Structure formats: structure tokens, C-alpha cells
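I opened the notebook to record what I looked up in this structure. The entries follow in the order in which I made them.

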Amino acid sequence: MRRYTKNPLEVKFEELLPLKLKDKVSGKGDRSKERACVHEISVMFACFKKNEFDQARCSDEITKFQACATKNYADKFKRKQDRREGNISVGKDNLTPREINHLLKKYPNP
């Protein structure tokens, strides 16, 4: 059974692994959790169901879904092109693991 201390300031630190950063990060969390245009397609299908799949009555929802899909396709193409060229998105909040690995190779840990 473990012995717990009553005061958390008295806990002694034991270094099990060296305290330094790795030379790369894993890409396991690279996939985005939210898929594109899910809301738009669900609204469009709800309209279809309500209007017995009459496309003339749901033209506004169809247009919104097509605009979303076109925008998503253009964004995906731009990201793919930037990745192919090796561009790193400057000023972006979240870098992809591929961009982080590129920066870690460029500026290695001493």
C-alpha cells in the first residue's frame, strides 16, 4: 500500500526519464474531430424529409450546403498545396504535427 503525505509540498520528485523534449511529436491527434458541413447537410435532409424530397422547396438549404462544400474543398486544397510546398502557417493558433516536426528538425534541441 502506498504511503501518502499529508502535505503536498513534502512530495519528493524522482526523475524517471530525462527532462527534455523529444525530437518529434506523434500525429495521432491530427484528424479534426468535427467533420465539415455536417450541420448544413442535416438541415438539408430535414428539409427533404419535411417536403417529401422535393428539391424545389429546399433550394435555399441546397445552396447553403453547396457553398459550404465548395469552401471546404478550397480550404483542403490550399492546405494540401501548402503542405506540398513546405509552407508553415505563421500566426496560426494550432500547428499540425507535421509543421511542428518540421520546426523541430530546423531548430533541434541542444
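I took contact to mean heavy atoms within 4.5 Å. With that in hand, I looked up I100 and found that, leaving aside its neighbours within four places in sequence, it is in contact with V25 and L95. I also noted that I100 and K24 lie 7.6 Å apart in space, C-alpha to C-alpha, while 76 residues separate them in sequence.

I noted that this is a predicted model, in which local features need pLDDT of at least 70 and side-chain atom pairs count only at pLDDT 80 or more, whereas totals for chains, interfaces and linings use all residues. Residues are numbered from 1 along each chain as its sequence is written, and side-chain values use heavy atoms, with hydrogens and water left out.

For secondary structure I used DSSP runs, numbered from the N terminus (helices are H or I, at least four residues; strands are E, at least two). I read three helices and zero strands in the protein chain, and I placed I100 in helix α3, residues 97–106.

For exposure I called a residue buried under 20% relative accessible area, exposed over 50% and partly exposed in between, with a 1.4 Å probe and protein chains only. I100 counts as partly exposed because its relative accessibility is 28%. K80, which I found in helix α2, is partly exposed because its relative accessible area is 47%. Of the 110 residues of the protein chain, 10% count as buried.
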